[in-house]
Amino acid sequence: MATETFEAQNIKCGGCAQAIRDGLGDQPGVTSVEVEIESGRVTVSGENLDRASLAARLAELGYPERT
Ligand SMILES: [Cu+2]
């Protein structure tokens with residue numbers, strides 16, 4: 001089991017967290033997604049995770065990584 005952590009922008013509420021759980025949860029290898037609303041931290045767990053494509057998906061959902 002591996003994890004990838006992202007510091008994302010624009011996470012404001014439970015709806016955002018749910019959109020991220022849904023939007024990343026169906027990506028290849030992903031088994032769980034945790035979202036901390038206050039910090040904007042997103043932790044993805046799974047096998048053979050592709051960090052770049054997860055980051056791209058997060059951005060596509062409207063929550064790009066902080067630069
Ligand atoms: Cu929201």
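1. **What kind of model.** Bear in mind that this is a predicted model. Every angle and distance below is computed from it.

2. **The sheet.** Start with the strands: there are three of them in an open sheet, in the order E1-E3-E2, and the pairing is antiparallel. Strand E1 (2-7) and E2 sit at the edges with a single partner strand each, so each has one side left without a neighbour in the sheet. On average, neighbouring strands here are turned by 15° against each other, ignoring direction.

3. **Helices on the sheet.** H1 packs on the sheet and touches E2 and E3, and its direction makes about 160° with that of E2. H2 packs on the sheet as well, but touches E1 and E3, with its direction at about 40° to that of E1.

4. How many bridges join E2 to E3? There are six, and the two strands run antiparallel. If you want a pair to find on screen, take Ser32, whose bridge partner in E3 is Ser45. Four residues lie between the strands of this hairpin, and Gly40 in the turn has a positive phi of about 75°.

5. **How the helices meet.** As a reminder, two packed helices are described by the angle between their axes and the distance between the axes. For H1 and H2, the axes come within 10 Å and cross at roughly 140°. The two helices are therefore oblique to each other, and H1 passes H2 in a right-handed crossing. On the H1 side the contact is made by Ile20, Gly23 and Leu24, and on the H2 side by Leu54, Arg57 and Leu58.

6. In soluble globular proteins, nonpolar side chains tend to be buried together. In this model, the largest nonpolar core has 14 residues, and those touching the most other members are Ala8, Ile20, Leu24, Val33, Val42, Val44 and Leu58. Which elements give two or more residues to this core? They are helix H1 (14-25), strand E2 (30-36), strand E3 (41-46) and helix H2 (51-60). E2 gives the most, with three residues.

7. **Val33 up close.** Leaving aside neighbours within four places in sequence, Val33 is in contact with Ile20, Arg21, Leu24, Gly25, Val42 and Val44.

8. **Two asparagines with positive phi.** Asn10 has a phi near 75°, a positive value in a residue other than glycine. Asn10 is placed in the loop between E1 and H1, and counts as exposed because 12 C-beta neighbours lie inside 10 Å. Asn48 is not a glycine either, yet has a positive phi of about 50°. Look for Asn48 in the loop between E3 and H2; with 8 other C-beta atoms within 10 Å, Asn48 is exposed.

9. Setting aside neighbours within four places in sequence, Glu7 is in contact with Gly40, Arg41, Glu65 and Arg66. Gly40 is the turn residue of the E2-E3 hairpin with the positive phi. Between Glu7 and Pro28 there are 20 Å in space, C-alpha to C-alpha, and the two are 21 residues apart in sequence.

10. Ser53 belongs to helix H2 and counts as exposed, with 12 C-beta neighbours inside 10 Å. Ser53 and Pro28 are 25 residues apart in sequence and 9.6 Å apart in space, C-alpha to C-alpha. Ala52 is in helix H2 too, and is exposed with 9 other C-beta atoms within 10 Å. From Ala52 to Val30 it is 14 Å, C-alpha to C-alpha, with the pair 22 residues apart in sequence.

Terms used
Residues numbered from 1 in each chain as written. Predicted model: local features only at pLDDT ≥ 70, side-chain atom pairs only at ≥ 80, totals over all residues. Core = buried A, V, L, I, M, F, W, Y, C linked by C-beta atoms within 7 Å. Buried ≥ 20, exposed ≤ 12 C-beta atoms within 10 Å, placed from the backbone. Contact = placed C-beta atoms within 7 Å. Pairing = 2+ DSSP bridges. Axes fitted to C-alpha atoms, helices over the stretch in contact; angles between N-to-C directions. Parallel < 35°, antiparallel > 145°, perpendicular 65-115°, else oblique. Left-handed = near helix turned anticlockwise from the far one by under 90°.
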